[in-house]
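This report goes through one chain, from its overall make-up to single residues. Please keep the sequence and the 3D view open while reading.

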Amino acid sequence: MTAIKHALQRDIFTPNDERLLSIVNVCKAGKKKRNCFLCATVTTERPVQVNVVKVKKSDKGDFYKRQTAWALRDLAVVDAKDAVKENPEFDLHFDKVYKWVASSTVEKNTFISCIWKLNQRYLRKKIDFINVSSQLLEESVPSGESQSVAGGDEEAVDEYQELNAREEQDIEIMMEGCEYAISNAEAFAEKLSRELQVLDGANIQSIMASEKQVNILMKLLDEALKEVDQIELKLSSYEEMLQSVKEQMDQISESNHLIHLSNTNNVKLLSEIEFLVNHMDLAKGHIKALQEGDLTSSRGIEACTNAADALLQCMNVALRPGHDMLHAVKQQQQRFSDLREQFARRLASHLNSVFVQQGHDQSSTLAQHSAELTLPNHHPFHRDLLRYAKLMEWLKNTDYGKYEGLTKNYMDYLSRLYEREIKDFFEVAKIKMTGTTREGKKFATLPRKESAVKQETESLHGSSGKLTGSTSSLNKLSVQSSGNRRSQSSSLLDMGNMSASDLDVADRTKFDKIFEQVLSELEPLCLAEQDFISKFFKLQQHQSMSGTTTNEVEEMDGVALSRSYTSSVPQTVSSEKDMIRQMMTKIFRCIEPELNNLIALGDKIDSFNSLYMLVKMSHHVWTAQNVDPASFLSTTLGNVLVTVKRNFDKCISNQMKQMDEVKISKKSKVGILPFVAEFEEFAALAESIFKNAERRGDLDKAYIKLIRAVFDSVEKVANESQKTPRDVVMMENFHHIFATLSRLKISCLEAEKKEAKQKYTDHLQSYVIYSLGQPLEKLNHFFEGVEARVAQGIREEEVSYQLAFNKQELRKVIKEYPGKEVKKGLDNLYKKVDKHLCEEENLLQVVWHSMQDEFIRQYKHFEGLIARCYPGSGITMEFTIQDILDYCSSIAQSH
């Protein structure tokens, strides 16, 4: 293997300036064995390049040739297949995997070890050696030290030093001067030796010649040393002289540092003192204002407010770390606390006295409003108290306990004051509603007035169940159960020569004005008080839609909400908005009960008043919600609106119940039924009240319920009527309903209006046909027989040949109905119809005209049969159509 290695070095790698370091005899795995060599080489030029070269023997001779070369830097993986067992196979991973089988395991291991060392020395790249024994892989040698490469070439690699360019040039010149050097090396060596001796002699002579210069140089050096010694002596003396100065300067420097430190500390101390003095020093004027300031005058209140703000700023100053440890700071803080406590106590006491004094002044004005339907104005009271609003805010921020106590005292006292005012106000409203007689005389006292009202309303509502409460309607439409009521009602009707309808309108208009006045007085009172509370007690009024108002929930829920608000004020509140509402609820706790009592009284006087109350209350609730949907006023009016809506629904239900219970006389004509007239009165009143109202939908629903009940009750009464024919009852009443709906033009009842017209038309036709019947009875029976024969198949012109229906028989029947008899029969019919119909609806002429048309239709029918069945006979009726028209006209005029 050594011979092959030298041969390869000489023939292949030396001409390419490469040195062969390791060689292995291999063949490709799995193929026919054709041996070749893998060689690890390095270049002799810098930078060194490491290659793996494949060399194989030429087929034409015994020389070797270079086949393939790979740069070592392209090698990624060396796989020795097995690190424990001897295995000649190994893989080299370049651009692809090359699988080799070595001639021996030793050669393979030697080659892999050489590759590892070359990688460590030249490349320093991470080639993966897998399945390789750790003994083959030595640790890398530090840079700058020589590394052994492989086998017997290790010394050659270490001793080899490359010639530089100058050395190569000198050798070439020398070899040119000695052309025989190649052929006679000894002569060349002798020549070199001679020249070296000549050079050595020249060097010695040069050294000896330079001895004088060396001596001169030594003298100069001695002189320089002497000069240096002198300079050092001077420097030493200078240093001794400056030593004392250095000590003094050090002392001065240390003194300056202490002075600078002292100044810095003084500046910091001054800054801290200025901070405490500027922020924790309360002016004497402020202290005096807090201790003795006048809380009754505007100037004194302003001075106290400024002083309180200054005190609050001093107490809330953010102290720096360590300030709270200072004794002076603690004393000042204690002084501030004492001033705050003293002023808070003085302020709370004064405001409580102001509440009491202002309340007494307000109570003194109640007598001025006792006879008028107005509420006292609290604006002066609010204006005076608002001067203390900033002080209340200060009290809220500094002593919440006293602030809360003032709030409670204000609510307690004002609730009693407002309760007296509101109760007196509602008493006046009740007196104005019921306490004035028709002659203008008032009852002496309210209890007597209320008893009279109770007696009057009980008499009005007695057994009749009439809901309007008006005596005129009761006398006209209902049955009175006692003589007392009759006398009372008649006396009331005689007052002032007014009609019953005029009395109803006047009473209801009066009630409507009073109720509107009550709501108009309550609204500004509540809004003003709520605005004052928010400003005086510094509570924010939230204009949000949070919280559910009463009109947005079911009616029962509304009642429950009302009771929860009026029960008590909770000890803890969730927000300032809740606190405002709770304060208002406590102060005005009597408004809702008084409103409900007034509503109940109005409903007793006349249940139709619920219509007025529903419209007015809905409008005021809508207005209050636009201002603040979660306010006390909105909630309270919403709760009361639930009660009003219930009364309205009760009014509708009672009217429907009354329709079911109506009884008619068996001996007199029915005419227009009472509940039909009542519906007309209700609809006319409701349309005037609900014009442009917010709750129009409630009225439309009531209309639908009432009209259906009216329709059902009319049919029920018509079926039970004995004196008046059913068709007459239906015709007259549905005509009246149709006329009412046409006049009022109620959009939601358009379908019912059409239905009423249809029923009226149908029953008019039915009554005409039934009442007229067969005025020419024998003639009618004769022609019925004629029509029967024709129906059996006999030709019309052949009917006259029938024995029973010949011309002679026809003439006999016609002679029985001369014009005089016909007129007499029509006169009797007119009298019969006149007895059935009522005068109120005035349908007699309409019915009579319909009967005239029906009679003429029958006459034309008979004439047609005579013309078809008895042609050319010359037979005619003894009266003409013109005679019929004359008979009907004269009968109508005579009656």
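## Basis of the model

This is a predicted model, in which local features need pLDDT of at least 70, side-chain atom pairs count only at pLDDT 80 or more, and totals for chains, interfaces and linings use all residues. Residues are numbered from 1 along each chain as its sequence is written, and side-chain values use heavy atoms, with hydrogens and water left out.

## The chain as a whole

The chain has 31 helices and eight strands. Both kinds of element are DSSP runs numbered from the N terminus: helices are H or I with at least four residues, strands are E with at least two.

Of the 895 residues, 42% are buried. Buried means under 20% relative accessible area, exposed means over 50%, and partly exposed lies in between, with a 1.4 Å probe and protein chains only. Among contacts with a separation of 6 or more, 69% link residues 24 or more positions apart, a contact being heavy atoms within 4.5 Å.

## The sheet

Eight strands form an open sheet with mixed pairing, in the order S4-S3-S2-S1-S7-S6-S5-S8. The edges are S4 (64–71) and S8 (128–130); each has a single partner strand, so one side of each has no neighbour in the sheet. On average, neighbouring strands are turned by 30 degrees against each other, direction ignored. Two strands count as paired if DSSP finds at least two bridges between them.

S2 (residues 36–43) has eight of its eight residues buried, so the strand is largely enclosed by the rest of the structure. In a regular strand the side chains alternate between the two faces of the sheet. In S2, Cys36, Leu38, Ala40 and Val42 point one way, while Phe37, Cys39, Thr41 and Thr43 point the other way. S2 pairs in the antiparallel sense with S1 (residues 18–28) over eight bridges, where Asn25 stands opposite Phe37.

S2 also pairs in the antiparallel sense with S3 (residues 50–57), over six bridges, and a hairpin of six residues joins S2 to S3. Across this pair, Phe37 has Val55 as bridge partner, Cys39 stands opposite Val53, and Ala40 is partnered by Val52. S3 is largely enclosed by the rest of the structure, because seven of its eight residues are buried. S3 pairs with S4 in the antiparallel sense over seven bridges, with Asn51 opposite Ala71.

## Helices

Helix H1 (residues 2–13) lies across S1, S2, S3 and S4, running at about 115 degrees to S1. Helix H2 (residues 105–123) also packs on the sheet, where the strands touched include S5 (77–79), S6 (89–93) and S7 (97–102), and the direction of H2 makes about 140 degrees with that of S1. For these angles, axes are lines fitted to C-alpha atoms, for helices over the stretch in contact, and angles run from 0 to 180 degrees between N-to-C directions.

Helix H8 covers 18 residues (298–315); at 1.5 Å a residue it should span 26 Å, and its end C-alpha atoms are 26 Å apart, which agrees. The expected span is 1.5 Å times one less than the number of residues. The buried residues of H8 include Gly300, Ile301, Cys304, Ala308, Leu311 and Leu312.

## Cysteines

With a disulfide taken as a pair of cysteine sulfur atoms within 2.5 Å, the count comes to zero disulfides. Cys27 is in no disulfide, and the nearest cysteine sulfur, that of Cys36, is 7.7 Å away. From the side of Cys36, the closest cysteine sulfur is in Cys27, too far for a bond. Cys27 is buried, with a relative accessible area of 6%, and Cys36 is buried as well, at 5%.

## A serine in H31

Ser890 is found in helix H31 (residues 881–894). Ser890 is partly exposed, with a relative accessible area of 27%. The C-alpha atoms of Ser890 and Asp827 are separated by 9.4 Å, while the two residues are 63 residues apart along the chain.
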